[in-house]
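Please open the model in your viewer and keep the selection panel at hand.

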Amino acid sequence: MNSLEVSNLKIWDSRTGKVLVPHSSFHVKQRSCLAIVGESGSGKSLTCRAIMRLNKALLHQSGEILLQGVNLTKLSEKEMRKKRGKQLCMIVQNGMRAFDPSCVVGVHLKETLAWHYGWGRDDITVKMKRAMESVMLKDPLAIMNSYPHQLSGGMLQRVMIALAIVLEPDVVIADEPTTALDTITQFEVIEQFIQLRTRMNCAMIFVSHDLAVVKRIADEMLVMKDGAIVERGATRDIFSAAQHEYTRFLVSTGLTLDHHFNKIMGGVSHAEC
Amino acid sequence: MAMGRYIIKRVLISLPLLVTISFFSFILNQLSPLDPAEVILHAQGVPNITSELIAETKARLGMDQPLLTRYVQWFVSCLQLDFGNSYVTGKPVWSLLGPAFLNTLKLTLVSVIAIIALSITLGTICALREGKWVDKSVRGIFFLLTSMPSYWLAALIVWYFSVKLDLLPTSGMDTYQSYILPVTVITISFAGIYFRIIRSSMLSNLNEDYVLYGRACGLPESKITLHLLRNSLQVAISVFGMAIPVILGSTVVVENLFVWPGLGTLSVKSILSRDFPIIQAYVLVLAAAFVIFNTFSDIVNAALNPKLRKDH
Amino acid sequence: MKIVTRIGKDKLAAVCLLFIAAILVTGVFAPLFAPHAPEEVHMELRFAASSWEYWLGNDHLGRCILSRLIYGIRPSVLWVLVALSISVAIGTTLGFIAGYFRGKADAILMRVCDIMLSFPGYVMTLAVIGILGAGLENILIAFVLMKWAWFARIIRTSVMQYTDTEYVKFAKAIGVSNINIMIKHILPVSLPDIAVISSSSFGSMILQISGFSFLGLGIQAPHAEWGMMLNEARAVMFSRPELMLAPGIAIILVVSAINFLSDALQIALDPKLMTSRHKWQGKAIALASKPHGKEVA
């Protein structure tokens, strides 16, 4: 069964009329992970935000987006807001900037959970504590009472994962979740994403330009270039026999990265996915 | 306790500045091309100024002593609010300056409140409606207003409201109504600057990831706007903290126009009559107020923004 | 230069530039453009309405308002420009020394700038006028004294940024002399920055100087100056409000043209500069500017 189905998604700039993403169609099956790969400016983030309907007002979009059979593009803003977070959870690139810098991290967590589920403060604390411990965050209470700048990027990334665990969405969209992290933290966070997938019944869209990471986590992948999808298929097939020239280029340069990653991590196996 | 340490540090930094300011105000007098003793005699309307008379006046005022000794004496007496006597009227400077300072402070504070209210409201509205007609027209109006000489605008307003409609008092500060016109003029001429700052700070915050993540978590726009305001207010508070002393020193034209019994009126009168002790005290008091308000706004800002505290 | 072509595209900015240029030329050649002598008194023409001979009418002494406006360009705009140029020149020199050589010179200069900038500018200008006495020259001297620190500060930052570029390092490595590097490699690239900050100060300086003249602290009668003309008009404001119009509108037009051009220049140069107009905004910028997310694909 498909969790999320995107058909004929088109994104364009309403001022210049420039088309940024022409006719993209793809789907994500329940419990599977789709990776979107491509260099910066290839339209990965635009696609993610289009699914959330969170692109800037100047960017217009058309096409159908079905979440569990419900067409998101037809929903009112109010109904859409109920889907965001609860059914469609996004994890953004830079954890350091994802939380209001003037409030402690807990404020955002409480606001979100209270809004969607109407839970009280104590309920939320208990649930968040459990989830944060499960993503290997030590001392969750102290973290909830810290300002974003007092925590590291990796910790904040895991706080976002923990929030996703509590929210129990149908689809998690992770937009370059590891880009802003150093290699070792990256490894730990990826570990948590893999755990998240196995633990929950959700589908995942994982945007990255790091092929080593994609190879570990994704079942299927899309390769985007200049807004268009140039290649799609099972991750394993693409890595062994890419059809498009651009993908072959990515794979060949990506593998050197991969070796580097291997060396640093002391040859940890990648065969989990 | 980082906050306590920050406050002490910030206050310690401002102390040498205050001393520099006092020294500068002190030597202002010495830089004058005119001999102060001569100026005093002129100001008091002595017909025949002889060199003996000048020497006598100098000795009477202790002007024959070395510069540093005089500076220290002057500084100590300044701390006791004794700024000497006016050359013209012979009255103690503080008896003129004190009430004037208070009047200017009142005008400034009322104006700053009006400016804050206006620029935050309009800044927020315009940032949230970026590029729409509200944004464009408000920006256009403010652009024009900031290019206008405030006294010209003031004159037009006075002419219209007070003379044509005979509604509001045009001079003095007798009733609460006296505030309306001067505050309007000051607000109009300054709100443009602060409106721009609030708007651009709101806009840069709108592009922050926390807004995207908040929306992605399904938070309602009202909550998001509160977070935006919270973050933009930090910029706003530091900016408005600086605005108080800036406006305190820029009310000169408006005060003169509306005959407000404040520092601006006093200072221009003193400059025209070359009443140096008053000019000196005016510079000292305003510069000190400037430094003190800045220090204070830095501290308030650090209290609100934990990141700044860490940086210092 | 790129900036010039980009400004050329912005039609309104081009119009502003032409307007300012026209004003400057008119001011320099005032005797050629003015139909009458600005100080010529005709008591029989007091408060005369506009006519073919006197386009904008006559003031309370029957002097030609148009001619006074044209001659007024000199103190109101041209002399302000001179004062601005001098303080920008001082600021540029010191900013280059501090930003290029760094070290002790930088530390000392910046301390001095800190102290200068912690004084309220308007009050200090008044203080200088207070010591030296009223008069246009004294206001201009006060402007130069008070503004250079602010320019030095910003130009230093700009210079520092360019000193760190590879081509400057390369020029240093192959032994090009410091003066040559500054003139040939840093000055051309920092010129737009300098243009932006000086143009944004220009408008406010014109407003301030007319304000001082309005208070009677600036140029002395009978010379023509826009603020002075407004001051004279103010005396008869209630009976002849129309006298306030011509000089007021002249100031508004010139200042808004300058402000508009300055904004256009800033946007053409770098949209991020949008907010850096006011010195107390240092923190605002620090808070608003965010590190650019790096993507290395």
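Which residue in β2(A) is the bridge partner of Val6(A)? Select Val6(A) together with Phe26(A), for Phe26(A) is that partner. The model is a predicted one, in which local features need pLDDT of at least 70 and side-chain atom pairs count only at pLDDT 80 or more, while totals for chains, interfaces and linings use all residues; side-chain values use heavy atoms, with hydrogens and water left out. Residues are numbered from 1 along each chain as its sequence is written, and chains are lettered from A and ligands numbered from 1 in the order in which they are written.

**The sheet of chain A**

Strands are DSSP runs of E with at least two residues, helices are runs of H or I with at least four, and both are numbered from the N terminus; two strands pair if DSSP finds at least two bridges between them.

Next, display the whole open sheet, four strands in the order β2-β1-β4-β5 (chain A) with antiparallel pairing. Its edge strands, β2 (19-29) and β5 (70-71) of chain A, each pair on one side only. Two bridges join β4 (residues 59-67) of chain A to β5(A); at one position, Leu66(A) has Asn71(A) as its bridge partner. Contact means heavy atoms within 4.5 Å.

**A helix pair in chain C**

Select α4 (residues 65-101) and α9 (residues 178-214) of chain C, which pack at an angle of about 140° with their axes 8 Å apart. Axes are lines fitted to C-alpha atoms, for helices over the stretch in contact, and angles run from 0 to 180 degrees between N-to-C directions.

**The interfaces of chain B**

Select chain B with chain C: 56 residues of chain B are in contact with 49 residues of chain C. The area buried between them is about 4,600 Å², 75% of it from carbon and sulfur atoms. Buried area is the accessible area (1.4 Å probe) that two parts lose on being put together, summed over both. Finally, turn to chain A, where 28 residues are in contact with 22 residues of chain B.
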